[in-house]
Amino acid sequence: IPRDRSGLGSTLFLADIKTGKEKKFQLVFPEDVDPEAGKISGGSPIGRALMGKQEGDEVIISLPDQKIEYEVIRVNTIHDNLEGDKKTSI
């Protein structure tokens, strides 16, 4: 799992390029999917579009009725999340 770009377990913070509205997605295993909470599978169309992205990248997410362009504001990888857990548990 990469440390410098999104992968399984990553949380991505995005901004809609047209509206500036922010959105958060977490890439999870299929059994943990919860679209209402922003937890999506890496194998889904949105998940595939977000895999391998870094801060500053642009992402086009194709939905059945529209395409939305986002800019990646921040990526927290699984490594960042694990390091944060270690800091809080010491």
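Me: Where is Asp 16 placed, and what does Asp 16 touch?

Reply: Asp 16 sits in strand β1, which covers residues 11-16; strands here are DSSP runs of E with at least two residues, numbered from the N terminus. Before going on, keep in mind that this is a predicted model, where local features need pLDDT of at least 70, side-chain atom pairs count only at pLDDT 80 or more, and totals for chains, interfaces and linings use all residues. Residues are numbered from 1 along each chain as its sequence is written, and side-chain values use heavy atoms, with hydrogens and water left out.

Now to the residue itself. Asp 16 is buried and yet has no salt bridge. Buried means under 20% relative accessible area, exposed over 50%, and partly exposed in between, using a 1.4 Å probe and protein chains only. A salt bridge needs a side-chain nitrogen of Lys or Arg within 4 Å of a carboxyl oxygen of Asp or Glu. For Asp 16, the nearest side chain of opposite charge is Lys 18, 7.0 Å away. Leaving aside residues up to four places away in sequence, Asp 16 touches Lys 21, Ile 68, Glu 69 and Tyr 70, where contact means heavy atoms within 4.5 Å.

The structure does hold 1 salt bridge. The side chains of Asp 4 and Arg 5 form it, at 3.5 Å from N to O. Asp 4 is partly exposed, with a relative accessible area of 49%, and Arg 5 is partly exposed too, at 30%.

β1 runs antiparallel to β2 (residues 22-28), joined by 5 bridges; two strands pair if DSSP finds at least two bridges between them. Leu 14 stands opposite Lys 23 of β2. These two strands form a hairpin with 5 residues between them, and Gly 20 in the turn has a positive phi of about 80°.

On from there, β2 pairs in the parallel sense with β3 (residues 39-41) over 3 bridges, and Leu 27 has Ile 40 as its bridge partner in β3. Put together, 5 strands make an open sheet of mixed pairing, in the order β3-β2-β1-β5-β4. Its edge strands are β3 and β4 (58-62), each pairing on one side only. β4 pairs with β5 (residues 67-76) in the antiparallel sense over 5 bridges, and there Glu 58 stands opposite Glu 71.

Key
Helices (H or I, at least four residues) and strands (E, at least two) are DSSP runs, numbered from the N terminus. Lys and Arg count as positive and Asp and Glu as negative; His and the chain ends are not counted.
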